[in-house]
Each structure stands twice: as C-alpha cells, then as structure tokens.
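Hi,

My notes on its salt bridges follow below.

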Amino acid sequence: MSVEEGKIALPDGKQLYTKTFRLKHDSSSSTASQIVNAYSDFFPELASKGIEIYTFDQRGWGRSVTKPSERGDTGPTAQVLDDITSFLKSVIPSPVPLFLMGHSMGGGETLCYAAQGPEEVRKHIRGYLLESPFVDFDPKSKPSSVTVFFGRVAGKLMAKRQMTNKLDPSLISRNADVCKQFDEDPLCHDTGTLEGLSGMLDRTNALSSGKIVIPDNAGEGGVTRIWIGHGDKDGITSYPASKRLFDALQVKDKEFQTYAGCYHRLHDEPSPDKEKFRDDVANWILARSDALPAHTAPLLNWSATIHRKQHLFPTTMTCGTQTRGHAGHLHHHHHDNTFLLSKNQNDAGVRITRIGLYVNLGMAISKGFGGYVFNSQALIADAIHSLTDLVSDIMTLATVGWSLKPPTDRFPSGYGKVESLGSLGVSGILLGGGFLMGWTALIALAQQFFPDAAKIAEHWGLLPHHHHHGVENMGPNINAIWLAAGSIVIKEWLYRATLKVAIERKSTVLASNAYHHRVDSLTAFVALLLIGGSNVLNNAQWLDPVGGLVISLMVVQAGWGNTKQALLELADVGVDKEMKDNVRKAATKALEEITTLAEPVNVRAIQGVKAGQNYLMDVELGVQGTWTIDQTRHVEDLVRERIGANVRGVKKVRVRFVKNSTDVPDFLDEFIPGGPTATSTSASEAEHSHDHKNEDTNGSARRRK
C-alpha cells in the first residue's frame, strides 16, 4: 500500500493538506477525504479492499492551518461547499465511480452538497455515505435557543472572531484509548470562528427542519444513492434527527444502519463494531461500483476536519470513494440545471440583499419623517438617498438571479450581461438621487441667504413654494443627530457583510450595492457632523443644507464611478491582467501532462470578457500542423476542465488551435475584414435590386386593389 501526502491550491490561493491511500496494484475503488490522521486505521482498511482514499484537511483545521489566526476559519457555508467542489474537481473526470462520504459535521456538509452542489460535479458522484451526520445536536450537547440566536448575530458582526470550547472526549468512543488520543492530539485546537459557528447553525437548522431537500437526481445517471450509519448512543449528534431525515428522503436507493450502543466515531468503536461498520461501508460501495457502466468519476472523501473541534463544531469527515469499474461501457449523465439564486432564500447573496432592502425601507421612512419633524435638510437628503437604495436593492435581487441562469439557444453566452445592466441601473439611480439631493440643498441655501430673490423665483414658478419662518427657525433640531448615528452603525455593518459576499462571488452588482451602503454610512456621518455643528455653533444653521449639498456630491461621485465600470463591462472590455494570468497558469499546468519535445503544445494567447459574475475566456494553443481533430478535441476538453476547476468565475472556455510556427498570436483574424462602406458584389447588388423590385411590385399591386 502506498501513502502520498501533498497539497491542493484553492482559487483564492489557500492551500489544503492532502493524503492519499491506495494499493500499489490497480484498486477497485478510491476515496478522498478532508480528515486524515484521525482515520488512520479506517482508511488503510478500506484501501486494502481495493478502495482508493483521497483525503484533505479542511481550511481552518489539521495540517491546512499554517498560523494561529487560521484556526477554525472555515468560512461561511458557501465557502465550505466551494472548497469541496475544488477538491472534487482535482480528481474528476475519472474512469471510475465516485462516492462521497462525510462524518459528523462533514456528514451535514455532504448532505448540503447533495442538495446544493453544482450539477456538473454531482453528476459524477455515484453515491453519498454519511457516518453520524450532524443533522442536529444531541439533547445533551444542544445549545439553548438564546445561544443560537446570539451566535448567529455575532457571526454576522464579528465573523473572524475566534472562540474556544472543549468537546468532551468521552463522547467520542467507548474505547478509552481513542478518547485519550483525541484529547492529546496537538492538531485538535478546539477553536472555531463565529462565522463558522453561524454557518453550522444555519445548516443544522435547515437540515433538521426539512428546508434542505435532496432531489432524487443528485447523483450519477440522474439517481441519488444514500447510505447513513449512526450509533443510537451518540452524545454529540442526534441519532433521532438522522433517522427522521432518512425517513423523509424521497429517493429510491437509500439505506439506514443503526449501530446499537455505539458512540460518535463508529470507525473507532471497540471490536467487533468498528469492523462491522468498515465492512458495511465497503460492501455498500463495492455493490454499487459495477451497477453502472464504467465511465464515472472516482469516489472522493472530505471532512470538515479530521481532528477534534470545539463543542459546537463536532469532529467531521467526508469521504469520497473511487471505485474502478470495468472498461468498455458508455455512460449518460442526466443534467438538471434548476439553480436560480433569486429563489434560494438560503443563499448568502440573496439573504444580505434582502436584509439591505428591509433596512433601506425602514431608514427611508424614519429619516424622511425625522428630517421633516426635526427640520433637517441633511437628514431629508439622506432619506432620499435611502429611497434610491430601496429601488436598487429590488433591481439587484432581480438581476443577480437572472445572471446565473444557464445558457440557452437564444442566449448562448448566458445571462451574465443582465447583471451588468442591473449594475448600470443601480448606479444610474445613485446619479439621479444625487442630483435631486443637491438641487434640494441649493434651494434651501438660496431661501436662507437670498430670501427676496427666492420669493421672486417662487412667484414665477422657478422654485418650489417653501414655507419658511426666517433664519432663526431654519436650523435642525439636535434630536435629528440620533437618527444619523443609528444610520452610520447599521449601514457600515451592511457594507462589510455585502462586500464579503460580493468578493466571494466576484459579483459587480453585489459590490455596487455594498459601496452603496458605505456611501450611506459616510453621508450619514456628514449629516451627523453638520447637524451637530448647526446646533453647537452660533449662527451656523446654514450648515445643515450645506450638509445636504455635500452628501449629494458624494453620491454623484460614487454613482459615476459605478456607471463607468458597468458601461465598460457592457461594451465587452477585456478582462484584467490578473484574470489572464490565472487562466494562462491553469492552462499551462494542464498541458504539462501531455506536451513533449517532439510535439510541444504552447499557450500562445489569452483573452476574455466579463458578463456579470461570469468570465468568458478564449485560449489560443499552438500545436503541430499534423495534429488530427481527435487529438485537438482531447486537449481542448482537458484545458477547459482544468481552467474551470482552478479559476473561479470562468463559465465558458473557447479553445482554438494554430500552428506553433504562426507568427504573432492574435485573435483579430477571427473578424471579417471590411465595414459598412465595403464594396458589394454585383451578385449581392442584383439580389438587393431584385428584392426592392419585388417590394415595389407587391406594393403597387396592393395599391391597385
């Protein structure tokens, strides 16, 4: 048996520790896992049965941690699922079946992946295996509803704040030596982040309440296959909750095994229970390895961590098992592209945008009413700004959902430009709102410093009629400052939360909305200063409308910047150098596997455009002039698959082949020369004339009727 250690690079640059177990001769199956050393007996035993095991330590845990600040920093659920996808893509496609296994919290993550993972990856998964899955807490370790509530709130406000909570080692296994090893393991740091805790609470709530539904076509061949094993004396994760979830599954191929008297780690229970569990897992995998044709992917295994987690972060492991099938068959994959972001209320992008929508609605009403009651032009200007935000939030929800729809015959490049249009609309609202606020502030200043001229302008209808009572009553009430202060706190939090999701999704429209919130917090800060100055300084009531004017200029500046970026994206401006370099690096690494001195394959040129969250890339490869279509097709598939797996956001890769001897790499030769003034051929002129003649004849005939 061979054991190999290594690392896998994620799209954000983070590296995860990996370990592979396989027989030296051809295996009948393989697995991949996040948790390595805590399963040191279980994995080799599976490998001895011909099942290859691929494992990795999840970010924040085990040997994937390189510094103390990374401990427990798994990221939100979207990041967890993305990391699993990256790991899976590193071993697929493959000519063997793929099984995915998860333990504890990794089991809960595996269930979420079966329901929400990308279809292009799930179609490679032959089956899902869950050991003591974290569907809900066991009553002995379940936190109170108050703790859960404040945990979710804290996870939003202080995402990276670390917390330590020791897990009771005696709940791990009935084997005292296993419990002692668990307690003394130096990689068991008992640390997690509030963000990770919040994500875990959201997942368990969704799984235990039935909000997450696993479809019956979430696997290879359009079939979902699930095996669950759970000890009825598990004191960490809830055995009854696992059974209820299993009973509710609407899939045909499902099996539940109860291990009487067993604790949390079934693979580390005393003999003969651990051997029975191992055999049950292996037999289930092997029994389904030959049920389908052989062109399937390997089975992978990951876990949230192979080592101990804190009390609210139970030890987890997910396992993908790769089983080698028999060659000579073809396999059809069922496609079910039904994901729409705007309909997924658990999605981080939709959730934070809707929170912003409700906040903007409340602020528009409260600041508008407060500005009127407290006589504050700055606060009224801020209320108008919140109203523009409310409209922009609605546009954001609509465009983000549309932009992620799969391509169609009518929109062969997808709907990404819809998001660019949404970003343009959001920025346009900023510009319009900014000009409106500035005009209102100028009117207020004119009525204060040039009252006679303002009255004449009002009389002639050049300015709106304004009921004012002199300079002494023009200043704002000091109580308006409380509304401005509250707006600063809320909007700054919304900015940070929205920008985080935007960076994860590479979404321009979410980023535009995030900076909306930052501008709001800054404008509220200006309003706070000027409202305070109007009340503290003598004869400084004019500071309030000046504050409205300053706010309007800030809004106009932000709106113009976002408008410019959206217009460039709609005009198909080329992607930046960083994206080109990432694509070139992924393509070059893929070609290293096949290029030789006799037949070199070179990456000659890269270009692309951005459509919403999607990157559409062109890659030019140089090959020998004697290559066949079959040879180029194989390389094209390889390059496309590796770029998609390693460069986040790339949704389409078009590969073209030229001779290595071609002079200068250039995509411009794809354009047809000439323009509207090009000389037409005589045949086209004759056809054009003939068409007009028919039109005249038909027109005359119609007129004669």
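Let me start with Arg-642: its relative accessibility is 24%, so it counts as partly exposed (buried means under 20% relative accessible area, exposed over 50%, partly exposed in between, using a 1.4 Å probe and protein chains only). The side chain of Arg-642 meets that of Glu-641 in a salt bridge, at 3.0 Å from N to O. By salt bridge I mean a side-chain nitrogen of Lys or Arg within 4 Å of a carboxyl oxygen of Asp or Glu. There is also a network: Glu-45, Lys-49, Arg-278 and Asp-279 are joined into one by salt bridges that share partners.

Some background on the model: it is predicted, local features need pLDDT of at least 70, side-chain atom pairs count only at pLDDT 80 or more, and totals for chains, interfaces and linings use all residues. Residues are numbered from 1 along each chain as its sequence is written, and side-chain values use heavy atoms, with hydrogens and water left out.

With that rule, the count comes to 27 salt bridges. One of them pairs Asp-12 with Arg-59, at 3.0 Å from N to O. This pair links distant parts of the chain, 47 residues apart: Asp-12 sits in the loop between strand 1 (2-9) and strand 2 (15-22), and Arg-59 in the loop between strand 4 (51-56) and helix 2 (77-89). Helices (H or I, at least four residues) and strands (E, at least two) are DSSP runs, numbered from the N terminus. Asp-12 is partly exposed at 47% relative accessible area, whereas Arg-59 is buried at 10%.

Then there's Asp-268 with Arg-265, whose closest N and O atoms are 3.1 Å apart; both residues are buried.

Cheers
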